[in-house]
Amino acid sequence: SVPAMTDWLGDLAISPDGATIVRAGGPGGVLLVRRRDELAFSPLAGTSEASGPFFSPDGARVGYYANGALMAVPLAGGPPTVLTDSLATPESATWGSDGYLYRTMLTNGTEVLGRAEARAGAPSRPFTTVDTAAGELTHLHPEVLPDADAVLFQAAFRDGRRMIAIADVASGKHTLLLDGVRARFSRSGHLLYTTTDGKLWAVAFDPKRRVVSGTAVQIGDRIPATIVGPIDFAISTTGTLAYSTEDAGSRRELAWVARDGSRTLFDANWKGQLASPVLSPDGTRVAVALTDGARTDIWIKPVAGGLATRLTGEQHRTNLEPAWSLDSRWVSYIASPGGGNSGDVWRQRADGSGRAERVLRSARPLSEQIWAPGGALLVRTTTATMGAADILLLRAASDSQPIPLVASPRAEYSPVASPNGAWLAYVSNETGRFEIYVTPLATPGSAKWAISTGGGSMPRWSHRGDEIFYMDLRSNLVAVRVTTTPPFGVQSRRVLFDASDFLQPGISRRNFDVAADDQRFLMVQRADGTRSGQVVVVENWPEEMRRRATQR
């Protein structure tokens, strides 16, 4: 049993011969390795802050992303080396038999597929083009075919759809194959792919003609979700399949957690696929995103007790990331008609009266939004104006478009304004590692202070404005004491408690809030004592597919 991770690069890799499994998520971000004749995972020496593992074609090295670079470490032991550096944002990669690395890269503000020789300093060349006329936004998660003449990948669309596509490396032309999130090729002549509901499928696939045929058969379930969909599975050239699963008990519950880590249930009778709890500024209600089947809606529940009520209607299939207006009268959220984790900003009166209103439509879908003192709206684009993700500011509802606030060639996430409206806390990977920074909200870039020192995400301000809380890379909740009457300054940092037992959906998804007294935190935990997850290994998966097909 290992933790079910939610990294959008993927957390699992299997060697070509099927003998070794590598897993992200060890202490300090080390990779974990387990040979099939061993009983447990052990740390892979030389790795730290690593994610998105993948194997070299000969299985001798393990590639991974860390601190703004793609690295490789010998499986038998030895120091890691740089494959590709100066990445603007973490990217998943695949290592082709031609010696090239295939990955997502940023070109003219758009994420497309590119390739480069697997050596430091080798130039990267993009080879796909996003079909904007068809609504495509990005190309993600490449999987190079054995002959290295074509690449499977995910095409993400503005309306939230995700489809599996195949691109010709020489010409760059691509064809859509089927709905799905991530695909891998099996030498048995099949395409294995996940869908947004966490299921793993197999369908017959001809790599020469580049077409699928027949009826897909489900071979796995409960693949952990990430911010780009469920992606965590791998297959060896010998036909061994490995995939991560979340425990069958997917129900969650809210808990109050004190500064010493002690917890009390928010409501023992309220369980479900809850996420993103946010307390109203007046402290009387909590808004959450609750998933039920193919729908995700915003629900409101009184803090003092009482029934929860659904706020969002049938207009959109997916409603995420709730945020309260400063007067507690409105709840805004990210809405998408076709699913996915991004869209436009909408709002609804918290009492359910009236119709939902669109606050902001963006040419690049948004995935975060939060209100600042004075009524300004802080948002984050899913992809770049300048870099891989930018923070924008809508100064008033009468404005038609937001203005860039923090926009760089690097990725910025999770904006949140201080209670007095003077300061902006946010996440950036400008050093190659995600860290928390603070800058003046009125003049961003004129000055900047590092809040975290060893990696951080999900910042929240205290209501008094004298502390910033965040998650570090070891899943600790950290409190940073600051002074905000100019000049700004960091006074102290201390770990409050180990928060690894609570659900953390990703670097750009805040999954906790701070009580009005700044002494408790509202967090999401698994209900009913369920485990976090495990790795499933299937030795001869085509036989499993045939068995399941006969049961239909």
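**Entry 1: pocket lining**

I started with the lining of the second largest pocket, which by class has 20 nonpolar, 8 polar and 6 charged residues. My classes: Ala, Val, Leu, Ile, Met, Phe, Trp, Tyr, Cys and Pro are nonpolar, Asp, Glu, Lys and Arg charged, and the others, Gly among them, polar. This is a predicted model, so I took local features only at pLDDT of at least 70 and side-chain atom pairs only at pLDDT 80 or more, while totals for chains, interfaces and linings use all residues. Residues are numbered from 1 along each chain as its sequence is written, and side-chain values use heavy atoms, with hydrogens and water left out.

The lining has 34 residues, and L279, P281, R460, H463 and D513 lie nearest the pocket centre. I got a volume of about 760 Å³. A pocket here is an open set of points on a 1 Å grid over the protein atoms alone, where a 1.4 Å probe fits, with protein on both sides within 12 Å along at least five of seven lines; lining residues have an atom within 4 Å of a point. Points are joined across faces, edges and corners, and the volume is the space filled by probe spheres set on them.

Strands that each supply at least two lining residues are β25, β29 (318–324), β33 (366–371), β37 (412–417), β41 (456–461) and β45. Strands (E, at least two residues) and helices (H or I, at least four) are DSSP runs, numbered from the N terminus.

**Entry 2: a four-stranded sheet**

I followed β45 into an open sheet of 4 strands, order β24-β23-β46-β45, with antiparallel pairing. The edge strands, each pairing on one side only, are β24 (263–265) and β45 (512–514). Two strands pair if DSSP finds at least two bridges between them. I noted 3 bridges between β23 (residues 252–258) and β24, and A255 has L265 in β24 as its bridge partner.

Is β22 buried or exposed? I found that 5 of the 5 residues of β22 (residues 241–245) are buried, so the strand is largely enclosed by the rest of the structure. Buried means under 20% relative accessible area, exposed over 50%, partly exposed in between (1.4 Å probe, protein chains only). L241, Y243 and T245 cover one side, A242 and S244 the other.

β21 (residues 233–235) pairs with β22 in the antiparallel sense over 3 bridges, with A234 opposite A242. Their hairpin has 5 residues between the strands, and G239 takes a positive phi near 95°. β22 also runs antiparallel to β47, joined by 5 bridges; there S244 has V535 as its partner. V535 counts as partly exposed, at 21% relative accessibility.

**Entry 3: salt bridges**

I counted 34 salt bridges, each a side-chain nitrogen of Lys or Arg within 4 Å of a carboxyl oxygen of Asp or Glu. E539 and R36 form one, closest N and O atoms 2.4 Å apart. The two are 503 residues apart: E539 sits in the loop between β47 and α1 (541–550), R36 in the loop between β3 (32–35) and β4 (42–43). R36 is partly exposed at 32% relative accessibility.

D267 and K301 meet at 3.0 Å, N to O. D267 lies in the loop between β24 and β25 (273–279) and K301 in β27 (residues 295–302), so the pair ties together parts 34 residues apart in sequence. Both are buried.

K199 and D197 form another, at 3.7 Å. Here K199 is partly exposed at 22%, and D197 is partly exposed at 46%. Last, I noted a network of salt bridges linking R259, R464, D466, E467, R481 and D518.
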